[in-house]
Amino acid sequence: MEWTAPLLADPSLLFGAALLVMLAAILCAIVVSRKLLTSVALTGLFTLVAALWYIAMDAPDVAFTEAVVGGGVSTLILLGSILLTRESAEPVSPSRMVFPAIAVILAGVAILYAVGSIPGFGDPASPANASVGRDYLERTYKEVGIPNVVSAVLASYRGFDTLGETTVVFAAAVGVMLLLGFGERALGDPARRHEALNPDLVEEIDHHVVLRVATKIMIPLMFLFGLYVLFHGEVGAGGGFQAGVILAIALIVHALVFGLSETMRAFPAAAMRAGASAGVLIYAGVGVINMLNGGAFLDYDFLFPPPLEQALSGPDGHAGQHYGIIAIEIGVTATVASGITAIFYGFAGRAPDIASRGASRGPESGGGS
Amino acid sequence: MIGLEFLNIAPQRFAEQAPALVVVGPLIAACAAVLAPGRRWAWFLCVGASAFAFWMAVVLASEVARQGVISYAMGGFPAPLGIEFRVDALSAMFALLISGMAVLTAVFSGESLETEIMSSKHPLMQGGFLTCLAGLLGLVLTGDAFNAFVFLEISSIGVYAMIAMGGARDRRAYPAAFNYLIMGTIGATFYLIGVGFLYAATGTLNMADIAARIPTLTSDRSIEVGLAFILIGLALKAAVFPLHQWLPAAYSHAPSMIVVFLSATATKASVYLIIRYLSTVFAFDWQVETAFMAFVLAPLSVAGILICSMQAAVDPEIRRILAYSSVAQVGYMTLAIATATSAGVSAALFHLFNHGVMKAALFMAIGGAAIHLKSQRLSDFAGAAKSAPWTMTAFGIAALSLLGAPLTAGFLSKLRLIQSLVAADWGWAAAVIGLSSLIGVFYVGRIFEVVFFRSEPEGGSAVREAPVSILLPLWLLAIANIWFGIDATIPLGLAESAAGAVMGATTLSPAGAP
């Protein structure tokens, strides 16, 4: 069995081990650092290394998601939340760390105890590869008719899970809108509009002609790439989730360079709120249509009434599956893009409040950067 | 079986889709509520969708009673390839409890939100509530271990924010919500790690399939560790002592609507998953599991019952008293489950149902009072029975039921609990429940003394009678507390068939007392 070979004999194992050591080191640095900005930057780094690791394990879909969600959007939102709080954490007294430390050590010991009985990575005889996993590989092309098995599992075989995950994004957006609002404070007071997001940046922005011009070129390309990822998910790595995140990042970059109020004029908060719920409605709506046509919920073979399905797909096509997957991926993209943008609006819209509060409190509590 | 079969009037094709519709209905309504033009529309959607879910749950329960276990293949892919909704009597009972409580909470929410949350945010609150409802219903219906994780998240994410919305009236809601967010996320992560181990060992995510494959495995290690992670994660979510610390603060500072619904359903859905894993996924007679129940679950339940009852007895705030009592009551349920007998599980489920009915009524009455009274201190409720007789009488009935007074629902289920413990030769455990009831007499007596016998303060009590839309669901619950105390056919029938469904016909030998 080659996966039990010594570390040095197998370069890919060595590579994996090196990445793992890096991950552990970054985690320690995140825990030790009291500067929140440093911690956030390190979490971004952590995700990128993790994404590399997933690539090394031949899981490009997971790596892609990790990179755009963890490295892109989470980092941005964490930065936004630091903007609203302070920049360093209070030291924790050692006595308060005793119980968490015991819990963490116990969990670690339990995992190490079980690791021995977990099959080797890539072992073709392991339960995960031998039973349901092999069924997916063998049956996808026959039953769903698309080449990317990962997309078939996510969108079709386990499409109900994906509906649930889209709902989680929707619920998170609803939660942030409840607590922080829709960024309406940034627009509400015309006198303060210009200071939305970052007053210093807005002052200086005219010196950054290169940045502005470059962003103007970049954003359409990002949109285009987002749409490519959305519609290319059937054949390659990608899909609605990643596409939604890329579209949201394009909007966030726009807000960072041109100011929040400019972005909110083009993409109003109300539209983002509507988009977040419309996406889930599209996804669940596809399922309801399937039920009306006599199938089970999310059985895309019943996307069209049976005679139409026959006419559209010919002898061995899967028209219902194709159109159904595209439709639900569009729903996922709508919810993720609008939901994340709404979350960003919620955080960034609070920035003027914080800026004015900081100014009135004096330099010791203002930005230290 | 459930006395509501007359509601099972859906056409056959419609009834076949009930397992999906019961979740999809509230989900679609949640999206629509967020888009609703005004708070009236959102409230209307909320009541309508909850009622629809309840109707579908009734259809499901009567179908299960008629034809046994219902399996519904999501996406038309049979398990284990696709995700399966597997509805047995246990799932049906929880679906009925959750959706029924949702209808009452939805009716209650209209007037209650009015005073607690600014009106432009009502659609979002109703949307979040319906999302949580869909999540809890999916959680108790799914037969897939990973799908259960997704629903666990759906039912929690919005709730964290909605608890924090209590911060407008009581700033302590913010740290409470943050603590719950951290603890809940740790719980969900532990559950997911456990599912990961099960998947590595069995190669499948379908619960029934996992159960079928476990006996064929040569090594038990990842199964043991998987079980440990899953149970710890769920115990956090179910607020089993000592993992309950998030609950008292979250329940005492959240908006009333959220507390009413959560206290009746949320921790109970996690108790459902614990029962599901202990009985269906892992074999109840498995050595590791028997040892776990006798030497870990039972002692922790006892500690939780006694310590939290005492904390309830000394706390000065009325909602926190009730929250601590909730943790103690969860202890009753896990203690009976730990006996691993059919009678024990059935008594636990019976008490769980009744506890939902009484706690919802108690928090609803407090929520009704909170329309005029911002404070939650018990002393500020002095003489409240004189200024708000209807609200406080219903409160009193539910409090008697919590105590276990004869002719209330609480009496019958507590009796069942004690009987099942004695039958399992756990006499000491029955004594613990008796002792905790004595402490209960103390804290319920304290509330009674203040509310009913103390004279109003100078200038009259600040508590006013709750509006009709609150009194209506409140009195329905109060009457249910008496009705089920005299004629317990409905809850007892549900609990017994649910316990029968998961424990099988064979009587399991009771685990030895620790």
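Which residues have the most contacts inside the largest nonpolar core? In this predicted model, local features require pLDDT of at least 70 and side-chain atom pairs count only at pLDDT 80 or more, whereas totals for chains, interfaces and linings use all residues. Residues are numbered from 1 along each chain as its sequence is written, chains are lettered from A and ligands numbered from 1 in the order in which they are written, and side-chain values use heavy atoms, with hydrogens and water left out.

The largest nonpolar core comprises 274 residues, and A:Phe297, B:Tyr191, B:Tyr277, B:Leu349 and B:Phe381 have the most contacts inside it. A nonpolar core is here a set of buried Ala, Val, Leu, Ile, Met, Phe, Trp, Tyr and Cys residues joined through side-chain atoms within 4.5 Å; buried denotes under 20% relative accessible area, exposed over 50%, and partly exposed the range in between (1.4 Å probe, protein chains only). Because domain 1 (10-88) and domain 2 (148-360 + 365-369) of chain A both give residues to this core, it lies between them. Another core, of seven residues, lies apart from it and includes A:Leu23, A:Ile26, A:Val49 and A:Ala50.

Within chain A, the division is into domain 1 (10-88) and domain 2 (148-360 + 365-369), with bounds from an automatic or database domain assignment. Contact (heavy atoms within 4.5 Å) joins 15 residues of domain 1 to 24 residues of domain 2. The area buried between these domains, that is, the accessible area (1.4 Å probe) that two parts lose on being put together, summed over both, is about 1,600 Å², and carbon and sulfur atoms give 81% of it. A:Asp61, A:Phe64 and A:Leu84 supply 37% of the area that domain 1 buries against domain 2, more than any other three residues. Zero salt bridges are found across this interface, a salt bridge being a side-chain nitrogen of Lys or Arg within 4 Å of a carboxyl oxygen of Asp or Glu.

Between the chains, the contact takes 57 residues from chain B and 53 residues from chain A. Chain B and chain A bury about 4,600 Å² between them, with 73% on carbon and sulfur atoms. On the chain B side, B:Phe77, B:Leu81 and B:Leu124 lose the most area to chain A, together 15% of what that side buries. One salt bridge is counted between the two chains; the side chains of A:Arg158 and B:Asp144 meet in a salt bridge at 2.6 Å, N to O. A:Arg158 also forms a salt bridge with A:Asp161, with the closest N and O atoms 2.8 Å apart, and both A:Arg158 and A:Asp161 are buried. In chain B, the side chains of B:Glu317 and B:Arg172 meet in a salt bridge at 3.1 Å, N to O. Over all chains, the count comes to 15 salt bridges.
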